[in-house]
Amino acid sequence: MKFIKRNEKIDYLKAIGIISIVIGHAMNTDIFYSPTVEYIRRFVYVYHITVFFFVSGLLYQKQLFPSRFIYKIFKKNYRKYFCVIMGSIILYPIWYYCNIIDIENIGSIIKRLILSVLFMPSGFFTGALWFIPLFVISLSLYCILDCKIHNSILKGMMLFQFGIVGMFLSYIKQNIKLLMIICNCCYLDKALIMLPIIYVGYLVRNAKLNGIIERITKLGMFPIYGGCIIILNFITGLQIEIAKDLYYGYVWFYPMTFLGILFCISLSSLLKSGRRCSHIMQEIGSRSFEIMAFHFMAFKATDFILAKTIYRNYDNIKSVVKYFPISFSDFRWLYIICGIGISYSVSKLCDCIKGKISSF
């Protein structure tokens, strides 16, 4: 599998990643627990976030001026992030009218605005956007280190050491208040942990691992990797959930992460073989940011529709519809479809409106 044409292979991986994120959130078991659902959630959580950092490594080009690269990536991501955050806050009256959230005072909304401006996502139903500042910080750190360390072997060793330092910080921050504040504000521990994953993606992009990856991710290999993930999850009882600092017991985080990425690459090879399927996956992958940004809002729109139709006579419906991320566990499949479909449609509509405005 050669990673050359971004409009094909890159978007396949991004599509697998974002679909898995939506599935993982729809399979949330904090309120509605089911062992089967929990196994599905733990499966996709192995790779659903980290595959995006692997992709960023595939796309990374060596930089002569890291400050320009950092500014460019910050500007690109912050602009889209801020628009989504502001949109979610502007829609507050609708959320309240639909009984999806409780009333908030002006001070609380202003606090949300201030935190969001500081790159700490605090809009309504925009929790998935915590990934964006982490992504920007991780890639910025990688760019700086890449420019400072020129020997590839030394660079790889240093980046994996930084990853281990990140895990150590994640482990001890619970007992050090200042460190906890720093890590929570700028995702320092998580950003360091992501550096080796970006580096491996970069190695594959530059053909240093391309031949090996191509041989071990041939068409039809994904059931083997998927089976290994299922068995290991079952045997160990461990899980990966980066937002909650769960790293598969720390020691096994990188092996499990790369096993998950191999699963994604193998699966993308299969999807590529179907013409119609490959087109859909490319479309979804090209709008991964928008789906990540809007899918929680799509979940709540689904909640509202279900509450007004199928569950209109349900006892205590006004309280149930405020559950997060989903309110009706019998329709997890519908949340997945709507989380992707509605988010994609809103994204296309925004592009259409933007095009109309720019044409004037």
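Predicted model: local features only at pLDDT ≥ 70, side-chain atom pairs only at ≥ 80, totals over all residues.
Colleague: Is the pair of F43 and Y47 stacked or edge-to-face?

Modeller: The ring centres of F43 and Y47 are 6.1 Å apart, and their planes stand at 85 degrees. Planes over 60 degrees apart count as edge-to-face. Both F43 and Y47 are buried. The arrangement of F43 and Y47 is edge-to-face.

Colleague: How is the pair of Y311 and F328 arranged, stacked or edge-to-face?

Modeller: For Y311 and F328, the distance from centre to centre is 4.2 Å, with 15 degrees between the planes. Planes under 30 degrees apart count as stacked. Y311 is buried, as is F328. The pair formed by Y311 and F328 is therefore, with the cut-off of under 30 degrees, stacked.

Colleague: How many residues apart in sequence are the parts that the pair of Y311 and F328 ties together?

Modeller: Y311 belongs to the loop between α15 and α16, whereas F328 belongs to the loop between α16 and α17.

Colleague: Which residues do ring pairs link into a cluster?

Modeller: Ring pairs can join several residues into one group, and the structure contains such a cluster. Its members are F160, Y171, Y247, Y250, F253, Y254 and F258.

Colleague: Over the ring of which residue does the charged end of R112 sit?

Modeller: Arginine side chains also meet aromatic rings in this model, and R68 lies over the face of F65, at 4.3 Å from the ring centre. In the case of R112, the charged end is 4.0 Å from the centre of the ring.

Colleague: Which helix supplies the largest share of the lining of the largest pocket?

Modeller: The largest pocket has a volume of about 1500 Å³ and is lined by 47 residues. Among the helices that each supply at least two residues of this lining are α1 (6-26), α4 (66-90) and α17 (332-359). The largest share amounts to 11 residues, and the helix that supplies it is α4.

Colleague: Which residues lie nearest the centre of the largest pocket, and how many of its lining residues are charged?

Modeller: Nearest the centre are K76, N77, K80, F289 and E290. The lining as a whole comprises 26 nonpolar residues and nine polar ones. The number of charged residues in the lining is 12.

Colleague: What volume does the second largest pocket have, and which residues lie nearest its centre?

Modeller: The second largest pocket holds about 480 Å³ of space. Its lining of 25 residues divides into 14 nonpolar, five polar and six charged. Helices α1, α9 (177-186) and α15 each contribute at least two residues to it. Nearest the centre of this pocket lie H25, G127, W130, E241 and A243.

Colleague: Is S116 buried or exposed?

Modeller: S116 is part of helix α6, which covers residues 106-117. Beyond residues up to four places away in sequence, S116 touches Y78, Y81, I85, P121, S122 and G123. Its relative accessible area is 0%, and the cut-off for a buried residue is under 20%. S116 is therefore buried.

Colleague: Is the peptide bond from F324 to P325 cis or trans?

Modeller: P325 is located in the loop between α16 and α17. The omega angle of the bond from F324 to P325 is near 5 degrees. This peptide bond is cis.

Colleague: What is the phi value of Y187?

Modeller: Y187 lies in the loop between α9 and α10 (188-205). With a relative accessible area of 10%, Y187 is buried. Its phi is positive, in a residue other than glycine, with a value near 55 degrees.

Colleague: Where does D245 lie, and what is its phi?

Modeller: D245 is placed in the loop between β1 (240-241) and β2 (246-247). Its relative accessibility is 15%, so D245 counts as buried. Although D245 is not a glycine, its phi is positive, at about 60 degrees.

Colleague: How far apart in space are S319 and D102?

Modeller: S319 is found in helix α16 and counts as partly exposed, at 33% relative accessibility. In sequence, S319 and D102 are 217 residues apart. In space, their C-alpha to C-alpha distance is 9.9 Å.

Terms used
Residues numbered from 1 in each chain as written. Heavy atoms only, no water. 1 Å grid on protein atoms, 1.4 Å probe; cavity = no way out; pocket = protein on both sides within 12 Å on 5 of 7 lines; lining within 4 Å. Points joined across faces, edges and corners; volume = space filled by probe spheres on them. Helix = DSSP H or I, 4+ residues; strand = E, 2+ residues; numbered from the N terminus. Nonpolar A, V, L, I, M, F, W, Y, C, P; charged D, E, K, R; others polar. Buried < 20%, exposed > 50% of the residue type's maximum accessible area, 1.4 Å probe, protein only. Contact = heavy atoms within 4.5 Å. Phe/Tyr/Trp six-rings, centres within 6.5 Å; stacked < 30°, edge-to-face > 60°. Lys NZ or Arg CZ within 6 Å of the ring centre and 35° of its normal.
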